[in-house]
Amino acid sequence: MINAVGRDIPEEILEITGKEPFQGNFYKDDKSTVMRGPTIRPVMNNQKSKLVANIREALIKCEAHDGMTVSFHHHFRDGDLIVNMVMKEIHDMGFRNITICATSLGKAHDPLVPMIEDGTITGIESSGVRGKIGEAISQGKLKGLAVMRSHGGRVRALATGEAHVDIAFIGAPTADDYGNLRGIGGKADCGVLSYAIVDGNHADHCVAITDCLVPYPNFPAHISQTKVDYVCVVDEIGVPSKIASGAAKPTTDQRKLLMAQYCTDVVVNTPWFKDGFSYQTGVGGASIASTQYLAEIMRERNIHMGFGVGGLTKAMCQLLDDGMARVMLDVQDFDLDAVHNLKNVNHHRIPAGVYANPLNKGAVVNKLDYVVLASLEVDVHFNCNVVVGSDGMITGAQGGHPDTAQGAKCAIVICPLLQGRIPAICTDVTTVTTPGESIDVVVTDYGVAVNPARQDILQALKEADCVPLKTIEELRDIAYSIVGEPEKVEFEDRIVGIIEARDGTIMDVVRQIKDIEQPTVYRRKTAKRKAGGTAASRSSRAK
Amino acid sequence: MEIIKTAVAGTLESSDCMVTIEPAQKGLELDLESAVIRQYGKRIMEVALETLDRLDVQNARVSIVDKGALDCTIKARVECAAMRAAEHEGRISWGGVIR
């Protein structure tokens, strides 16, 4: 069945998953929806200790079994040690058919690949996957379907019971012996536990893992003792240098600086740039540079940001410290400056559900004026792809991309026209992760394209005459004129993953990648060439 | 153009390619390894073979390790490697086969 972004979602997938094809951004707006709570075992006995000696004991006490779903958060980013630690124990105990429901998975989790190959792990639900797990899924090694959900979509799936977690393992920088967890302090300081809060609320069992046990009560708790079954103390839950490093050095890449300038020009020349405006941006070089350009103009015109939100960086926190922003709402910290900035009384932690869940009574993203995003590919329908590489390999994560793009009044995607030889602006994205109806402006180093659905923005930018305006087709044509039109990547028929839209409908499917012989070899005998001429041999070239 | 010795041109930097040409007895053999093989593999082979034809290289073993080079880069690297391998460096036919 063809969905609202023109992707064919096979009937068998709709049957297996029980999901509907994507029907447009506001399909479930105002529709009655039932939420589901977990099945818990209350702790009434005041003699009971929640401390367990090790992960194995926690698994036994939480009734670990074949076919269960375990969950994890990714606040420790590439420094995470929890996922591998827990999965090793599950593997050693011989459990099979495990589904991992993670907020994201990255290169740190490459050691899971053998567990995918041997059938320990048969399901993966995540914002996305980078590194070797992505390759393994694309190569068809995962027995079940990989489900990619946005940060808001994951909260929705757990809250509605579409996804059910048997045991949540929550890495906590600090914890007390009764399960009050904080994201700040300790050795693996990540600032916040925003993505894990829904796991506390909806998983049947909840195990806290910490390397810094503190005296009771560890208050104010980010995840409460009322949600936590067991507390396990281990030597190390994360590698601090890979969790949050110093702020990224400002970029000197002229191409990125140019795009940053265009992006800032778009922001300051559209109607929402006025005192009290709201803003979210990312960690890329161009995003950070554009935040700095923006700060200069805010100072000049005495315009203050009402609130900033998101995964936060030094550049955003600086606005708060300088009094240029009133409030920061924090779901993740990308550098140590952002972690330390949590001391600022106007820097607030928010749960992922408050940030982006589409099926609550209004998430923070709905109040965004601007969001600045990146994308692997954008097509002429303004659809974005942030999960599957142009070569067909799963290599990225949705994160909050679809959530913020839908929520913001003006969603800007910064994307260099070319990534090496790969055109980022193309006719059809490999896989749709964010629908074109959510994307308003595309900023490239060769010009800026506005979604024709947003004549208001186009008009404002024309009047301001601030950036070189192009149509999205023009941008694609420039790209293709430089690098040539790419061949369509070939896939097998087997579907290895689905891209879930925010509301739980299916945006697109990901197919198994076709094996390709590398190197590609061409042979030609001299004699044949003399006799046959080039035209005939050309058709048999390069398999 | 007769390939006399093994020669290399190019680098393994992003957006470049490294072309190695070796002498061979019978015919042309071309190996391609590319970061963008799924999207541009056929095109790269085409460009490389066109260039070799233009230079009239009939007997050689050619290997290309491509890191996303544009057509013009591939052409230039193949030409350069062939010139070196044929010891033509001092007498390149600018405006002739090298356009």
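Predicted model: local features only at pLDDT ≥ 70, side-chain atom pairs only at ≥ 80, totals over all residues.
A:Cys263 counts as buried because its relative accessibility is 1%, where buried means under 20% relative accessible area, exposed over 50% and partly exposed in between, with a 1.4 Å probe and protein chains only. Residues are numbered from 1 along each chain as its sequence is written, chains are lettered from A and ligands numbered from 1 in the order in which they are written, and side-chain values use heavy atoms, with hydrogens and water left out.

Let us stay with the cysteines for a moment. Over all chains, the structure holds zero disulfides, a disulfide being a pair of cysteine sulfur atoms within 2.5 Å. A:Cys263 is in no such bond, and the nearest cysteine sulfur, that of A:Cys410, is 8.6 Å away. A:Cys384 has its closest cysteine sulfur in A:Cys415, and that distance of 7.5 Å is too far for a bond. With a relative accessible area of 0%, A:Cys384 is buried.

Now step back to see chain A as a whole. Its secondary structure comes to 17 helices and 27 strands; here helices (H or I, at least four residues) and strands (E, at least two) are DSSP runs, numbered from the N terminus. Chain A has a radius of gyration of 24 Å, close to the 24 Å that the globule rule gives for 543 residues, so it is as compact as a globular protein of that length. That radius is taken over C-alpha atoms, and the rule is 2.2 Å times the number of residues to the power 0.38. Along the principal axes, the C-alpha atoms of chain A fill a box of roughly 90 × 65 × 45 Å.

What share of the 543 residues of chain A counts as buried? The share is 59%. If we take the contacts in chain A with a separation of 6 or more, residues 24 or more positions apart account for 71% of them, contact meaning heavy atoms within 4.5 Å. Chain A exposes about 21400 Å², and carbon and sulfur atoms supply 51% of this area, which comes from the Shrake-Rupley method with a 1.4 Å probe; for residues, only the protein chains shown count as cover. Chain A also carries 57 positive and 66 negative charges, whose mean positions are 5 Å apart. Lys and Arg count as positive and Asp and Glu as negative, while His and the chain ends are not counted; the place of a charge is taken as NZ of Lys, CZ of Arg, CG of Asp or CD of Glu.

Some individual spots in chain A deserve a visit. A:Thr69 is found in strand E2, residues 69-72, and is buried, with a relative accessible area of 11%. Leaving aside neighbours within four places in sequence, A:Thr69 is in contact with several residues, including A:Thr99, A:Cys101 and A:His164.

The next stops concern the backbone. Most residues other than glycine have a negative phi, and most peptide bonds are trans. A:Glu63, in the loop between helix H2 (55-61) and E2, has a positive phi of about 60° although it is not a glycine. At 46% relative accessibility, A:Glu63 counts as partly exposed. A:Phe382 has a positive phi too, near 70°, but this residue is buried, with a relative accessible area of 3%. Look for A:Phe382 in the loop between strand E16 (377-379) and strand E17 (384-385).

Where does A:Pro217 lie in chain A? A:Pro217 is in the loop between strand E9 (205-210) and strand E10 (230-233), and a cis peptide bond with omega about -5° joins A:Tyr216 to it. A:Pro220 has its place in the loop between E9 and E10 as well, and a cis peptide bond links A:Phe219 and A:Pro220, with omega about -10°.

Finally, turn to chain B. Two helices and four strands make up its elements, which run β-β-β-α-β-α from the N terminus on. Chain B has 13 positive and 16 negative side chains, and the centres of the two sets lie 1 Å apart.
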